[in-house]
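Here is a briefing on a two-chain model. Look at the structure first, then read the points below.

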Amino acid sequence: MVEGWLLIIIAIGVLWDSRTYPASLSSGTPGPAFFPRLLALLLGVAGVALLMKRYRTTAPRDKKGAVLPMHSSKKTATNRGITKWGNLGLAIVAITGFLLVSPQIGTVFALPILVSSLMWLIGERSALLLVTVPLAFSVFVYGVFSVALGVPLP
Amino acid sequence: MSSLIEGLITAIQPVNLGALLAGTTLGVFAGAMPGLSSTVGLALVLPVTFALDPTPALLMMISIYMAAEYGGSITAIAIGIPGSSPALATTFDGFALTRRGEARRAFGISLFSSVSGGVLGTILLMAALGPLARAAIAFGPAEYFGLGVFGLSIVANLVGDDPIKGTVSALLGLLFFTVGLDVLTGTPRLTLGTTTLMDGLGLVPMLIGFFAITEAFNTVAGARGPATQKGDLGGTLPRPRELIRLWPSILRGSTIGGVIGAIPGAGATIASIVAWNEERRISKTPERFGKGTPAGIAAPEAANNACVGAAMIPLLGLGIPGSASAAVLLGGLMVQGVAPGPLLLTEQTELVYALYAGFLVAVLLMLAVGLLGIPIWVRVVRLRPSILMSLVVGISLIGTFALRGNPYDAWAALFFGLVGFAMLRRGYPLVPAVLGLILGPMIETNYRRTLTLSSGSHMAFTESPIALVLILLAGVSFIAPAVRNRLVQRKKERS
């Protein structure tokens, strides 16, 4: 149901933004507005279809489409009590932090922190691996990309 | 034939052979790394070629191009992330085989098919350079539109059990493509008033976001177990008998790759996707595709490597690059003082045959590198998820930096990672969205170009036999899965 409304909102947003695009450059030839408006229309129809499908369903909400059993608030032994949603949030913070920090301190220094963080979030608890793998990986990336290939990294 | 033998003798001279080996190794690496590709690999090595003589320089470049198309399948099979977009179709069945504990078998099929496709594409190049070059320029906007719509019709086979969600995914992909400056008029669309979005949302950030970062989020959230379920995790190489049985699929894939590759601007991605879809369509067991069918690996891999030789047809014959990689190659040719075009075959026969031979030798070197590499790729599969996924995210983000040196691409990858995670969570497939982003430019741009040229008349699409056939095939391809499912359901009800 949420995605039905989301699609309708996206469709309205696209139609709103497209009001400033030229609709047609010459007689009979579509301009830049044509495709976004067509897509908005189709997305709106799809959104309505999803809403209608949802309202027609009389059974309790079906979770078959969900990939993750995220509704459980049980704490697991592997993540020391942090919920799976919390793990996910931390992963997003880790990647966001890497993107923000790497231009400041350099990719070579930011990358081991990112890799180590992700390893820990996925469940790695070996201190040796949490330190050596990220460091070795950072050296590899620097050697291959910066030195060998001459790719400028932040 | 004597010219080809002379070309072979030239190609195996120590300096030239060294260039081919270096190019093949670099090409496999570039193709395998998410974020890199044959185009990036060629661009990175282009300055190096300035210091070389024309023959080794060009041989190095063509071997990178050939090997990168195979390299993309390595990560596609090992971790379900296409190293480059032409390997997208390989992930469908390749990664499924890995999950069944048959990674070695998948790698072996991919290698054999890539080598075969590379050879067949080179034979096509040698046999048909002149005539096919002339035919390739028969493709105009209407034909390209037909090709794009035909490619998008594959979505009908990828929607799974919920056609609405699959269609929404494809529409979102098409919508993502519209972000940025309109190709024909430069009008900013859906840029939210920022200059950052004027460059659009690129394909590589989407691939990295959807396949690498989404997968990492799923792993972090505990939704995914280890990549493989079975004990050995590697399995065995395919038997010769199995490889021989795959020959019809390889031939079909190579033919599709050869035809589409020769069309400027079509590209190996479309060729491999069409090859996979056609293989599924004619199969007696289409429901097995996407679940680890060998033909689902053989056809797209043969297609994307056949594209390499075919892409050289418009390049060498007309001086028109058939792909982004071919465009970089064109730059390399011109720097070396080689002018591609109709007179190349008559004025620089030795070089042309050295290039033909170079392709064949590159394919053999790719076979050697691949065979030596399979035990290494299998070790990658066996890595702990905590190490594997973390390194995948790290290398993917580094790859986005390598793409254009623009940190915005990494942010776009994170955005797609979040979108992909949300989509999968709600049961929306990701591949239709990727197809939408890839084919959107071809469909919209050529639709508008056709109508501009025909003063708004839609008859232009029916007046072109090629366009008409492609559009009709697209219609059949859209409807066929629904009809097939209805027939199967009726059979079940009767029985």
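Helix 19 of chain B is mostly covered, with 18 of its 23 residues buried. Buried means 20 or more other C-beta atoms within 10 Å of a residue's own; exposed means 12 or fewer, and partly exposed lies in between, with C-beta atoms placed from the backbone. Helices (H or I, at least four residues) and strands (E, at least two) are DSSP runs, numbered from the N terminus.

This is a predicted model, in which local features need pLDDT of at least 70, side-chain atom pairs count only at pLDDT 80 or more, and totals for chains, interfaces and linings use all residues. Residues are numbered from 1 along each chain as its sequence is written, while chains are lettered from A and ligands numbered from 1 in the order in which they are written.

**Helix 19 of chain B**
- Helix 19 covers residues 431–453 and reaches 33 Å from its first C-alpha to its last, close to the expected 33 Å. The expected span is 1.5 Å times one less than the number of residues.
- A kink of about 45 degrees sits at B:L439, shortly before the proline B:P441. The bend is the angle between axes fitted to the seven residues ending at a residue and the seven starting there.

**Helix 8 of chain B**
- Helix 8 (residues 163–178) should span 22 Å, because it has 16 residues at 1.5 Å a residue; its end C-alpha atoms are 23 Å apart, which agrees.
- Of its 16 residues, 14 are buried.
- B:G180 follows helix 8 with a positive phi, near 120 degrees.

- Most residues other than glycine have a negative phi.
- B:S455 has a phi near 55 degrees. It lies in the loop between helix 19 and helix 20 (459–463) of chain B. B:S455 is exposed, with 11 other C-beta atoms within 10 Å.
- B:L192 also has a positive phi, near 55 degrees. Its loop runs between strand 2 (188–189) and helix 9 (203–220) of chain B. B:L192 is exposed, with 10 other C-beta atoms within 10 Å.

**Contact between the chains**
- The contact takes 55 residues from chain A and 48 residues from chain B. Residues are in contact if their C-beta atoms, placed from the backbone, lie within 7 Å.
- Helix 3 of chain A gives the most to the side of chain A that touches chain B, with 9 residues.

**Confidence in chain A**
- Chain A averages a pLDDT of 81, and 81% of the residues score at least 70. pLDDT is the predictor's confidence in each residue, from 0 to 100.
- Over residues 61–81 of chain A the pLDDT is below 50.

Note on methods: Two residues are in contact if their C-beta atoms, placed from the backbone, lie within 7 Å.
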